[in-house]
Amino acid sequence: GQYTYVAGVPVDDTDGLSPELTIVDIPESAYAVFEADSQAVTDLIQEVSEEWGERSEYEPVDGPIFEHY
């Protein structure tokens, strides 16, 4: 698959932001958090999708995947 990487910061108000910026609303939801030590993100996503997803009571939704450094 293809990934689009976007750097972002939370803001309280989008009025007055440069039109060059992209505004993305992140929906309120329950998000799973995973930590990886020097593991490729694509490997982690695959592992989560194939292994954790099968054991979890949660159903995946169509939404963003976040990386935090």
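Let's begin with Ser49, which sits in helix α1; helices here are DSSP runs of H or I with at least four residues, numbered from the N terminus. Ser49 counts as exposed because its relative accessible area is 51%, where exposed means over 50%, buried under 20% and partly exposed in between, using a 1.4 Å probe and protein chains only. Its C-alpha atom is 8.7 Å from that of Pro60, eleven residues apart along the chain.

Before going on, a word on what you're looking at: this is a predicted model, in which local features need pLDDT of at least 70, side-chain atom pairs count only at pLDDT 80 or more, and totals for chains, interfaces and linings use all residues. Residues are numbered from 1 along each chain as its sequence is written, and side-chain values use heavy atoms, leaving out hydrogens and water.

Back to the helix. With 15 residues, α1 reaches 20 Å from its first C-alpha to its last, close to the 21 Å expected at 1.5 Å a residue (that is, 1.5 Å times one less than the number of residues). It has a kink of about 35 degrees centred on Val48, the bend being the angle between axes fitted to the seven residues ending there and the seven starting there. Which residues of α1 are buried? They are Leu44, Ile45 and Val48. An α-helix has 3.6 residues a turn, so residues three or four places apart point the same way.

Glu54 also belongs to α1, and it is exposed because its relative accessibility is 67%. Between the C-alpha atoms of Glu54 and Asp43, eleven residues apart along the chain, the separation is 16 Å.

Ser56 is buried because its relative accessibility is 17%. A polar atom of the Ser56 side chain lies 2.9 Å from the backbone nitrogen of Tyr58.

Finally, hop to Val9, in the segment before α1 (41-55). Val9 counts as exposed because its relative accessibility is 67%.

Methods:
Helices (H or I, at least four residues) and strands (E, at least two) are DSSP runs, numbered from the N terminus. A polar contact is a pair of N or O atoms within 3.5 Å; within protein, one must be able to donate a hydrogen and the other to accept it, and residues adjacent in sequence count only if both atoms are side-chain atoms.
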